[in-house]
Amino acid sequence: MKLVISTFLRLTPLLPQKAQRYIWSYIVVTSILALLDIATLGLLAVALTAMIGGHKISVPLLGAIPNKYDLLFLAVVSLFIVLKSVIAVLVQWVATRRFGQYELGIGDQLFMA
């Protein structure tokens with residue numbers, strides 16, 4: 001991992017300024033999506049464990065959720081998972097177009113040289 005990070009940091013200054021900003025924003029957005037995925041899967045694990053055991057779902061910061069709201073809680077967590085996936089697809093869609101433009105620009109610079 002250290003080798004990948006050091007290579008990335010050495011190559012980043014060679015990219016156009018817009019590409020550098022976009023790559024850093026891409027890294028931040030992707031990291032936020034990964035954290036959201038971790039949180040939702042953790043909530044799903046907590047909910048399913050409690051539901052299988054016949055207990056109330058106990059969520060940090062929210063407290064205990066009555067059994068009558070189990071399905072609603074699962075629906076909300078599932079909605080977050082789907083929403084995160086849709087956002088991830090959109091981020092990848094934008095990234096493929098942006099990176100294609102930057103690759104073309106770098107190719108043009110190399111061809112001119």
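Does Trp24 count as buried, partly exposed or exposed, and what is the relative accessibility behind that class? At 41% relative accessibility, Trp24 counts as partly exposed, where buried means under 20% relative accessible area, exposed over 50% and partly exposed in between (1.4 Å probe, protein chains only). This is a predicted model, in which local features need pLDDT of at least 70 and side-chain atom pairs count only at pLDDT 80 or more, while totals for chains, interfaces and linings use all residues. Residues are numbered from 1 along each chain as its sequence is written, and side-chain values use heavy atoms, with hydrogens and water left out.

**Aromatic pairs**

- The structure holds four aromatic pairs; rings of Phe, Tyr and Trp (its six-membered ring) pair if their centres lie within 6.5 Å, and planes under 30 degrees apart count as stacked, over 60 as edge-to-face and the rest as tilted.
- Phe8 and Trp24 form an edge-to-face pair, because their ring planes stand at 75 degrees, with the centres 5.4 Å apart.
- This pair links distant parts of the chain, with Phe8 in helix 1 (residues 2–11) and Trp24 in helix 2 (residues 17–53), 16 residues apart; helices (H or I, at least four residues) and strands (E, at least two) are DSSP runs, numbered from the N terminus.
- Phe8 is partly exposed, at a relative accessible area of 26%.
- Tyr26 and Phe99 also form an edge-to-face pair, at 5.8 Å centre to centre and 80 degrees between the planes.
- That pair joins helix 2, which holds Tyr26, to helix 3 (residues 70–112), which holds Phe99, across 73 residues.
- Phe99 has 27% relative accessibility and counts as partly exposed.
- Tyr22, Tyr26 and Phe99 are linked into a cluster by ring pairs.

**Nonpolar cores**

- The largest nonpolar core has eight residues: Ala47, Ala50, Ile57, Val59, Ile65, Phe73, Leu74 and Val77; such a core is a set of buried Ala, Val, Leu, Ile, Met, Phe, Trp, Tyr and Cys residues joined through side-chain atoms within 4.5 Å.
- At least two residues of this core come from each of helix 2, strand 1 (57–59) and helix 3, and helix 3 gives the most, with three.
- Leaving out residues up to four places away in sequence, Ile65 touches Lys56, Ile57, Val59 and Phe73, where contact means heavy atoms within 4.5 Å.
- Another core, of seven residues, lies apart from it and includes Ala19, Tyr22, Leu33 and Tyr102.

**Gln20**

- Gln20 lies in helix 2 and is buried, with a relative accessible area of 16%.
- Beyond four places in sequence, Gln20 touches Thr12, Pro13 and Leu15.
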